[in-house]
Each structure stands twice: as C-alpha cells, then as structure tokens.
Amino acid sequence: MPFSEAEVQSARGAWEKIYVDAEDNGTAVLVRMFTEHPDTKSYFTHFKGMDSAEEMKQSDQVRGHGKRVFTAINDMVQHLDNTEAFLGILNPLGQKHATQLKVDPKNFRIICDIILQLMEEKFGGDCKASFEKVTNEICTHLNNVYKEAGW
C-alpha cells in the first residue's frame, strides 16, 4: 500500500476539502447511494421506510451514519503513511461489516465511487484523481478482509 509523500499530501488535501462538511457530504453520499442503489438500504432497518431523498437528507440516522462513514475514512487518511495504522482502522471495520452486519462488499466500491463523484462535482477532476488511490486501497483491503472471513 505504499503511498509516496506527494500522494499522501495530495490525497489529504483532496480529502480535507470534502471532510470540512463531513455531516452534509456524508449524508449526500448515502442519499445518492440509497437513491441510485435502493438495495443498499436493506442493511439499515431504520432507513427502509424512507423513500424520498428529502426525507433521507433530514433523517438524523442517515446524517449520523454519513458522518460516521466520513469520520472512519478521515481516520484512515490520517494514516496513509503508516500501513499498520491504516489497516488497524480498516480491518476491524471490514470484520464487523463482513461477519456481524453481513454487508455485501460490493457496496464499499459503490460508496467509494460516489465519494469520488461528489469530489469531482464539488472540487474538480484533480481532487477526484488525488483521492482515487485511497478509495482503491480501501476497497482492495476490505475485499481481502471479506475473503479471510469466508465471503
């Protein structure tokens, strides 16, 4: 997973732009995921009855989970230059989603792609390009955790 110092700085700079408004941007990512991929709502019993994007945007549960997703990614971004620490955050998260929550691993690629789309829409293609390696590493390592868990 080695990131060069330039890649680390570029990725952190890109992430800081979107993380400044973690709750709203995290919510926007989840609302887009639930709207464009309605099957992803099936993992959230308290989101299932929400059909409109507006209702989801106003939901404390959706907003809270969006912020948790962004906070977890932020923790990983802070450790891009330390593989052990990065995996120390990512591996337990993957284990929980694989074994307890039983979330299909394809959903991580979906959410990462939506984050990249939002970055590009708000801050341009350079911002997205600076963060693509991070999302690829997250998805690759989560897939490895899932394989180890028997998926």
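Predicted model: local features only at pLDDT ≥ 70, side-chain atom pairs only at ≥ 80, totals over all residues.
Apart from neighbours within four places in sequence, I found W15 in contact with F70, I73, N74, V77, I115, M119 and F131. I then looked up its accessibility: W15 is buried, with a relative accessible area of 1%.

Next I looked at the core. The largest nonpolar core has 45 residues, and W15, M119, F131 and I138 have the most contacts inside it. I noted that helices 1, 2, 4, 5, 6 and 7 each supply at least two residues of this core. Helix 6 gives the largest share, nine residues.

I turned to the rings and counted eight aromatic pairs. For W15 and F131 I read 5.2 Å between ring centres and 15° between planes; under 30 degrees counts as stacked, so this pair is stacked. W15 is in helix 1 and F131 in helix 7, so the pair ties together parts 116 residues apart in sequence. F131 is buried too, at 1% relative accessibility. I logged one aromatic cluster formed by W15, Y19, F70 and F131.

I also checked F108 and Y146, an edge-to-face pair with 5.9 Å centre to centre and 70° between the planes. F108 sits in helix 6 and Y146 in helix 7, 38 residues apart. F108 has a relative accessible area of 14% and is buried; Y146 is buried at 1%.

Last, I looked up the largest pocket, with a volume of about 660 Å³. Of its 24 lining residues, F44, H65, V69, H97 and F108 are the closest to its centre. I sorted the lining by class: 17 nonpolar, five polar and two charged residues. Helix 4 supplies the largest share of the lining, six residues.

Key: Residues numbered from 1 in each chain as written. Heavy atoms only, no water. Core = buried A, V, L, I, M, F, W, Y, C linked by side-chain atoms within 4.5 Å. Buried < 20%, exposed > 50% of the residue type's maximum accessible area, 1.4 Å probe, protein only. Helix = DSSP H or I, 4+ residues; strand = E, 2+ residues; numbered from the N terminus. Contact = heavy atoms within 4.5 Å. 1 Å grid on protein atoms, 1.4 Å probe; cavity = no way out; pocket = protein on both sides within 12 Å on 5 of 7 lines; lining within 4 Å. Points joined across faces, edges and corners; volume = space filled by probe spheres on them. Nonpolar A, V, L, I, M, F, W, Y, C, P; charged D, E, K, R; others polar. Phe/Tyr/Trp six-rings, centres within 6.5 Å; stacked < 30°, edge-to-face > 60°.
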